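Visitor: Please walk me through this model. I want to learn how to read its features.

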Amino acid sequence: MKQTFRRFGIASRAGVMAVVIALPLFSCEDETLSENEEQQSEQIINDEALADDLFEDMDAISMEAASYSENGRTLSGSLADLSCLSRSVNQSLSSGKYTKEVTLDFSDDCSDAQGRNRSGKLVVNHVIDASTYTLSTKFDGFIINGNKLDGTRTLVYSQNDKGVLSATITLVDGKITLADGSVITREGSFTKEIDAQNGKVVLSGKAEGTNRNGVGYVAQITTPLVFKTSCLMEGNFMAVSGNKEITRVDRKTLALDYGDGSCDNTVRLNIDGVESTIDITINK
């Protein structure tokens with residue numbers, strides 16, 4: 001079962017979607033939105049995407065924390081080596097249940113091959129029983145590229161008799177403190193299915209919180225987002241189909257359409273009938 005998790009580690013990052021979006025918005029009818037509405041829409045999309053990106057990045061680290069080889073390197077190598085990272089482990093086996101608590105302590109200058117710098121600590125609890133594999137991660141002064149993360153992130157993995165791997169994902173009391181002191185809050189609940197045989201990942205669920213300007217929102221996946229592992233292997237982490245709506249307090253709803261199955265980085269955005277096609281750049 002653990003081998004299956006590692007094999008599709010890249011798929012576990014499918015939800016990673018930190019974006020840089022180039023506006024203005026436009027439609028075929030040449031309708032336009034106010035400059036203020038454009039800016040507010042861009043900010044809420046970017047902050048929601050940044051939260052996705054950072055917490056999914058942490059998920060991958062938590063999974064890898066259980067997969068160190070004896071020479072101190074991870075199987076995928078994304079955490080570099082132990083020259084900038086110390087790792088302590090407490091583990092036990094009782095009544096058929098294996099538990100392991102892994103503390104990862106990053107130095108102040110711990111960067112991976114993609115240039116992401118991490119510092120602080122992650123405390124990752126792994127519990128394996130006959131049918132599930134649970135990862136629960138807490139943060140202790142943990143910072144990615146100047147963004148401090150707080151909260152508790154839990155993933156519970158299971159596998160059905162057809163080989164489809166499922167994960168229920170919850171984030172409680174999530175918070176991101178940005179370098180300028182502004183704060184993004186986030187809680188969420190998602191279900192992810194990884195179908196190795198058909199080469200796709202399907203994500204459903206929702207998140208809610210506030211962006212850096214204190215604007216409240218709910219991001220709901222209205223039609224499950226589908227990711228192709230073939231696209232992921234090419235470095236395109238975008239969903240190829242599905243829909244998401246972002247509702248905001250006292251503001252217009254943002255409706256996102258991820259396409260018809262093509263492996264690209266474009267999304268259709270609809271705001272109160274005003275449509276545009278936007279290009280999304282994945283921040284890896």
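Visitor: What share of the contacts in the chain with a separation of 6 or more comes from residues 24 or more positions apart?

Guide: A contact means heavy atoms within 4.5 Å. Here, residues 24 or more positions apart account for 47% of those contacts. Some ground rules: this is a predicted model, where local features need pLDDT of at least 70, side-chain atom pairs count only at pLDDT 80 or more, and totals for chains, interfaces and linings use all residues. Residues are numbered from 1 along each chain as its sequence is written, and side-chain values use heavy atoms, with hydrogens and water left out.

Visitor: How many disulfides does the structure hold?

Guide: A disulfide is a pair of cysteine sulfur atoms within 2.5 Å. The structure holds 2. One joins Cys 84 to Cys 110, S to S 2.2 Å. Cys 84 lies in the loop between α2 and β1, and Cys 110 in strand β2, so the pair ties together parts 26 residues apart in sequence. The torsion about this S-S bond is about 45°, so the disulfide is right-handed.

Visitor: And which cysteine does Cys 231 pair with?

Guide: Cys 263, with S to S 2.4 Å. Cys 231 lies in helix α3 and Cys 263 in the loop between β11 and β12, so this pair links parts 32 residues apart in sequence. Helices (H or I, at least four residues) and strands (E, at least two) are DSSP runs, numbered from the N terminus.

Visitor: Is Cys 263 buried or partly exposed?

Guide: Buried means under 20% relative accessible area, exposed over 50%, partly exposed in between (1.4 Å probe, protein chains only). At 34%, Cys 263 is partly exposed. Cys 231 is buried, at 2%.
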